[in-house]
Amino acid sequence: MYEASAATQELATWVAATWRETVTVGSHADGVHPDASIDIVWDGSELVVFGPRTRSEASRDARPGAFNGVRLRPGSTRAILGEAAIALTDRTVALADLWGNAAAAAALRLVSVGPDRATSELSRVLIERGRSGAEPDRLITRVVELAEFRWTVRDLARQVGLSERQLYRRCVDEIGYGPKHLVRVLRLQRLLGLARRLPDAGLAALAAAAGYADQAHMSRECRALTSLTPARLVRSQRHPLP
């Protein structure tokens, strides 16, 4: 079971949401799908960074247990982690590899408060880290907002006052991949959200609503990004495993 909450006002400069998840055997059987985000995850003993995924990652062998995490706000990668997002793309790394001894100190704090208060303590750690670091790249937040509305890369660059090359570099640095792939990933997420909210909608209607050129385009993109057919992907959102 996955439960997410909006970040508190104090934390929201750097974090989009906090979450808790109980992973059981069979959870995410169809994979964890890309969503253009970076998460810091606490498994009860270690802090790890789940980097941005370019495509779905199979997790049939995921270790069962309870996990707490935060989802970084777009543009906060360097401010919080001190590393370019491209260095984390399709990787899961120990936070200690990025923070050094500060990660060990943070882990001790989370252990000391126990699982029920782990999320709030991790939030405090990130607020302290954010206040002592660089400012987030707020332009990237705007880029992600615009990409949600199906802008082309050229239009995205024009809207934020960058050349396409500059936009690509900023996205790679803070998101982990370029704006073209960002648009593809966000369109996939729209499809997943529509599948959950519109249980009676057919594939053609979902393709149109999500912003695909047609159903064939949706099929190609689903296979490329998730290795699943649209029918199976939609079914997994409507009838998730417990």
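Arg53 comes out as buried, with 5% relative accessibility (buried is under 20% relative accessible area, exposed over 50%, partly exposed in between, using a 1.4 Å probe and protein chains only). Keep that residue in mind for the first exercise.

A quick word on the ground rules: this is a predicted model, where local features need pLDDT of at least 70, side-chain atom pairs count only at pLDDT 80 or more, and totals for chains, interfaces and linings use all residues. Residues are numbered from 1 along each chain as its sequence is written, and side-chain values use heavy atoms, with hydrogens and water left out.

**Exercise 1. Find the salt-bridge partner of Arg53 and say how exposed that partner is.**

Step 1: A salt bridge here is a side-chain nitrogen of Lys or Arg within 4 Å of a carboxyl oxygen of Asp or Glu. The count by this rule is 15 salt bridges.

Step 2: Look at the side chain of Arg53. Its salt bridge is with Glu57, at 3.0 Å from N to O.

Step 3: Check the partner. Glu57 has a relative accessible area of 31%, so it's partly exposed.

**Exercise 2. Work out how Asp155 and Arg158 sit relative to each other in helix H6.**

Step 1: Start with the pairing. Their side chains form a salt bridge, 2.6 Å from N to O.

Step 2: Count along the helix. The two are three residues apart in H6 (residues 153-160), so about one helical turn separates them. (Helices are DSSP runs of H or I with at least four residues, strands are E runs of at least two, and both are numbered from the N terminus.)

Step 3: Asp155 is partly exposed at 24%, while Arg158 is exposed at 55%.

**Exercise 3. Describe how helix H3 packs against helix H4.**

Step 1: Take the geometry. H3 (residues 101-113) and H4 (residues 118-132) pack at about 150°, with axes 8 Å apart. Axes are lines fitted to C-alpha atoms, for helices over the stretch in contact, and angles run from 0 to 180 degrees between N-to-C directions.

Step 2: Name the arrangement. H3 is therefore roughly antiparallel to H4 (under 35 degrees is roughly parallel, over 145 roughly antiparallel, 65 to 115 roughly perpendicular, the rest oblique).

Step 3: List who touches whom. Contact means heavy atoms within 4.5 Å; the residues involved include Arg109 of H3, plus Glu121, Arg124 and Glu128 of H4.

Step 4: Look for charge pairing. Arg109, Glu121, Arg124 and Glu128 are linked in a network of salt bridges.
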